[in-house]
Structures are given as structure tokens and as C-alpha cells.
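Student: Please take a close look at the aromatic rings in this model. I would like the pairs, their surroundings and any charges over them.

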Amino acid sequence: DAYVTPSVGELLYLDEEVYRPLVELVFEANDRGKLVDPTSPELAGVHLAASLFDYDIAILNDPLNDERFVILSESPDASPGRYWGTQVFRLGGGQPFVVEVPRPLSENTTFEAGLDLFERLDAMVLVIAGAHASCNRDRSSDVVLVRNKTSVFNLVNQVVLRERRGAPLLVVQVRALGPRPGLP
């Protein structure tokens, strides 16, 4: 029961102050084919807003491919944790794909497959759920269940789709099949 279901007010705040500005920044950079300055005031504002929920922003530079990523994740020092997940945004040059991994801990190898697909597709966004689907006894931590629509995982999906404003975008969820007798 460690996963904390976000309130509607928290989701509205995250929408307006964190994800919408970040997604606008990413899409603008992608549309213009440019890299985003990791020291930009817009990114600093997103970082400040996210920090209210113990979320950190990390900028990952890949000098071999001349790429930058913004990674939003819960601070390891957060106490108690919320387990809302991690999101990765490619800053400039990404293709119109979103890769989602809703059960990285309970569906074997989906985390690895999601990372691989994110790289192969040169996707703009990677969304990873932060809790095991069975973490909470009432299954509120399972972001795939329709009744659990109030989650950061689903919010990021909605913001990305909304802010794309009708431009092409493909969302791919990485899921695993259950074990079959006699097969690995």
C-alpha cells in the first residue's frame, strides 16, 4: 500500500505547471529541429514546480548522438515516496512516438523492451509507471485498470496527446504475455 493515488487537484497542478510547459518545450524543439538549452528559464520553472512533489529533473547529454533528454523522476530522498513513475523527454530531434511501460515491475522484460523501443524509434517520450501493479491491496497502483484513471501515468499520456494538437503521434504500450507451458 505504498503507492499514493494523486488527487485531482494535484493532477491539475502537474498538468499546468509541469507537464504542459515541458511538453510544449519538447514539441517546439522537435518541430524546429533544434536542441533545447538545459539551462533555459522554462526548464528551471518546470523543475521548481516538480520539486513540490519531490520530483527531480535530470538532463542527460548523449554526446555521441548529440542528443539531450529531460528525465523526471521521484527523488530517492522522498519520504514517503509516491511512486508515480518516471518520464523521459527527448529534447529536439525525436520522432512522433510515445512509448509507455505501464507494468515495468510485474511484466517481465517490459522495462528493457520499452527502453529499447524508445531508442529504436527515436521516440519523443518514454513513460514508465512507478509501482508494481499489485503494490496496493485495492489495486489502485495498477495504471492499466480503467478505474485508476487518476494517475500521473495517464496524465502524461493525456497531456502529450492534447498538446500535439492533431499532429501525427503514435502511442505504443509495451506489455508482456503470460507464461505458456513448455515455453520460456
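Tutor: What follows goes through the ring pairs and then the charges over rings. This is a predicted model, in which local features need pLDDT of at least 70, side-chain atom pairs count only at pLDDT 80 or more, and totals for chains, interfaces and linings use all residues. Residues are numbered from 1 along each chain as its sequence is written, and side-chain values use heavy atoms, with hydrogens and water left out.

The structure holds 3 aromatic pairs. Rings of Phe, Tyr and Trp (its six-membered ring) pair if their centres lie within 6.5 Å; planes under 30 degrees apart count as stacked, over 60 as edge-to-face and the rest as tilted. Tyrosine 13 and phenylalanine 53 make a tilted pair, 5.6 Å centre to centre with 50° between the planes. Tyrosine 13 sits in helix 1 and phenylalanine 53 in the loop between helix 2 and strand 1, so this pair ties together parts 40 residues apart in sequence. Helices (H or I, at least four residues) and strands (E, at least two) are DSSP runs, numbered from the N terminus.

Tyrosine 13 is partly exposed at 28% relative accessibility; phenylalanine 53 is buried at 9%. Buried means under 20% relative accessible area, exposed over 50%, partly exposed in between (1.4 Å probe, protein chains only). Ring pairs link Tyr13, Phe53 and Trp84 into a cluster.

Arginine 82 lies over the face of tryptophan 84, 5.2 Å from the ring centre. Arginine 164 lies over the face of phenylalanine 27, at 4.9 Å. Such a charge has NZ of Lys or CZ of Arg within 6 Å of the ring centre and within 35 degrees of the ring normal.
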